[in-house]
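These are my notebook entries on a structure I went through element by element. I wrote down what I looked up and what I found, in the order in which I looked.

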Amino acid sequence: MTILLKLIQGIGVGALSIAVGLLFIGIGRKITARIQRRYGPPPIQNFFDIFKLLSKRSISHGFAFDLGLIAGFSALLAAVVFLPMGQINIFPHNSSLIMIIYLMTMAYLGMAMGVSSSGNPNATIGIARALTMMMGYEVPFAAVIFSVYIFSRTGSLANIVAAQSGGFLNWNLVRLPFGFVAAEIALQGMLGEKPFDMTIAPSEIASGPMVEMGGKYLGFGMLQHSIGLFIETGIMVDLFLGGASNIWIFIAKQFVLYFAALMINAIMPRFRIEEGVSFMWKFPLLLGVVQALIVVL
Amino acid sequence: MSQSQWSELVNYFRGRSMWMLHYCTGCGAIELPPVMTSRWDMERFGIIPMATPRQADILLITGYLSIKTLKRVVYTYDQMSTPKWVLGFGSCTINGGIYWDSYNVIDRLDKYIPVDIYIAGCMPRPEAIMDSFIKLREMVQKGEAKGYEKYTKNYEWYKANQDHVFGRSEPVLRKAEEVTKSA
């Protein structure tokens, strides 16, 4: 009976993350439009897009193509249930942080398997860039996680949140400032916002991994992106912004992080892939290592 | 919810979100940047430019098509997944425009792929393009824009027209081997 209940909760949390992610992207499109002095689409435009994409006929490129996309999508759905969001914490796992990071890598690998089996060279270039960029931002992010781990002496996100309770000054944002800056830069890379959006460079490699996706496949790609956005900002809220007492505050804090990423996105050009990785391995990694040293010593 | 209500709902959402692939070999391509960017901003109608035919719903063809480019347009159109719509932009797609008697430019796009809306003019202003988007949205939401169904139903006719014009691509001068033989 409890398993059934957990299952229903898990589905609910997945649906919530999809809805919030899509809404965030929609609001983000509106904000970017206003920065560019355009009127912009309505904030719920992404729901229209998803509905339309899922209602289109679509072309598969073989079994591995389907399997890869489903694997990526389900890995992210599996990751989101480990994320404590406000009072919702379905699986209070002992090392949920590592679990989420692992499953998010799985999502990328599943997508890599899928899109590279489509045989389009642009897709292969795009996914190669995505994996290279992942190597870039995972290293500083790992350094940050390492310092948070040692600082809080726990690997459970729920306990990390609990350790930050009691006001703004107890947040890891204040206690571990260098780590926060490093993680914020890594977050920009994770979200794929500018200047780290070389994965989906529409004018160079025809939108990269999505090049052969049409209809329902592109719809699943968009859903995957929205869950990914929810998890990535959610981890940052739990690690640095002291979690939240309820889900609404959690979503508000997530939006603050996404808003900052959008502002950087709106004014930045695009890095080349080697510039992006070398930037990630210089400044955020340096900050992360400095933070880890401060924590250890 | 009955079948017709469901298809009405689907048509409503399809009209609210149309992604466009612009095939810009003609000179009319210059009118598209103002439509996409701040001055006219087509994103407020849910229309954004896409990079590949797989992702797109609208195929916008600007200006004239030579026989070579028509071949690519037909490939592109076949790669798009249904439902899909074609906008013919400028007088070149209607009657050939200034190329009406050219030996290697097609006159009527409608003979080769089904066109849902023509935008007349040489060239049409961005307002005209926006107007055609609104018109297409209305047609899609009423379920009237059925060019892709016309294409599947009359595929033999379209295919014959395409083959006729592609088969015309013999060299105008003598063949290469004849030239070498006579030399």
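**Entry 1: cis peptide bonds in chain B.** I began with Pro83(B), which I found in the loop between helix 3 (67-79) and strand 4 (85-89) of chain B. The model is predicted, and in it a cis peptide bond joins Thr82(B) to Pro83(B), with omega at about -5 degrees. I then looked up Met123(B), which lies in the loop between strand 5 (117-119) and helix 5 (126-142) of chain B. A cis peptide bond joins Cys122(B) and Met123(B), and here omega is about -10 degrees.

**Entry 2: chain B as a whole.** I counted eight helices and five strands in chain B, and read from the N terminus on, the elements run α-β-α-β-β-α-β-α-β-α-α-α-α. Along its principal axes, the C-alpha trace of chain B spans about 75 × 40 × 25 Å. Chain B has 183 residues, of which 38% count as buried. I also looked up how far apart in sequence the contacting residues are: among contacts in chain B between residues at least 6 apart, 81% join residues at least 24 apart.

**Entry 3: Gly26(B).** I picked out Gly26(B), which lies in the loop between strand 1 (18-23) and helix 2 (32-36) of chain B. Is Gly26(B) buried or exposed? I noted it as buried, because 20 other C-beta atoms lie within 10 Å and 20 or more is the cut-off for that label. Leaving out residues up to four places away in sequence, I found that Gly26(B) touches Thr62(B), Gly63(B), Tyr64(B), Gly90(B) and Cys92(B). I also looked up the pair Gly26(B) and Ser132(B), which are 106 residues apart in sequence and, C-alpha to C-alpha, 18 Å apart in space.

**Entry 4: the contact between the chains.** How many residues of chain A are in contact with chain B? I found 27 residues of chain A in contact with 17 residues of chain B. On the side of chain A that touches chain B, helix 2 (residues 45-54) of chain A gives the most, with five residues. By residue type, this side of chain A divides into twelve nonpolar, eight polar and seven charged residues.

**Entry 5: helices 4 and 5 of chain A.** I looked next at how helix 4 (residues 96-116) of chain A and helix 5 of chain A pack, and found an angle of about 170 degrees, with the axes 9 Å apart. The two helices are therefore roughly antiparallel to each other, since angles over 145 degrees count as such. Helix 4 of chain A brings Leu97(A), Tyr108(A), Met111(A), Ala112(A), Val115(A) and Ser116(A) to the contact, while helix 5 of chain A brings Ala123(A), Thr124(A), Ile127(A), Ala130(A), Leu131(A), Met134(A) and Ile145(A).

I then followed helix 5 of chain A along its length. Its 32 residues should span 46 Å at 1.5 Å a residue, and the end C-alpha atoms are 45 Å apart, which agrees. At Glu138(A), helix 5 of chain A bends by about 25 degrees, and a proline, Pro140(A), follows within four residues.

**Entry 6: positive phi at two residues of chain A.** Which residue with a positive phi follows helix 5 of chain A? I found Arg153(A) there, with phi near 55 degrees, although this residue is not a glycine. Arg153(A) sits in the loop between helix 5 (121-152) and helix 6 (157-163) of chain A, and I noted it as exposed, because 9 other C-beta atoms lie within 10 Å and the label applies at 12 or fewer.

Ala206(A) also has a positive phi, about 55 degrees, and is not a glycine. Its place is in the loop between helix 9 (202-205) and helix 10 (216-240) of chain A. Ala206(A) counts as buried, because it has 22 C-beta neighbours inside 10 Å.

**Entry 7: helix 10 of chain A.** My last entry concerns helix 10 of chain A, which has 25 residues and reaches 36 Å from its first C-alpha to its last, close to the 36 Å expected at 1.5 Å a residue. I noted helix 10 of chain A as mostly covered, with 23 of its 25 residues buried. Gly242(A) follows helix 10 of chain A, and its phi is positive, near 75 degrees.

How values were computed:
Residues numbered from 1 in each chain as written. Chains lettered and ligands numbered in written order. Predicted model: local features only at pLDDT ≥ 70, side-chain atom pairs only at ≥ 80, totals over all residues. Contact = placed C-beta atoms within 7 Å. Nonpolar A, V, L, I, M, F, W, Y, C, P; charged D, E, K, R; others polar. Axes fitted to C-alpha atoms, helices over the stretch in contact; angles between N-to-C directions. Parallel < 35°, antiparallel > 145°, perpendicular 65-115°, else oblique. Expected span 1.5 Å × (residues − 1). Bend = angle between axes of the 7 residues up to and from the residue.
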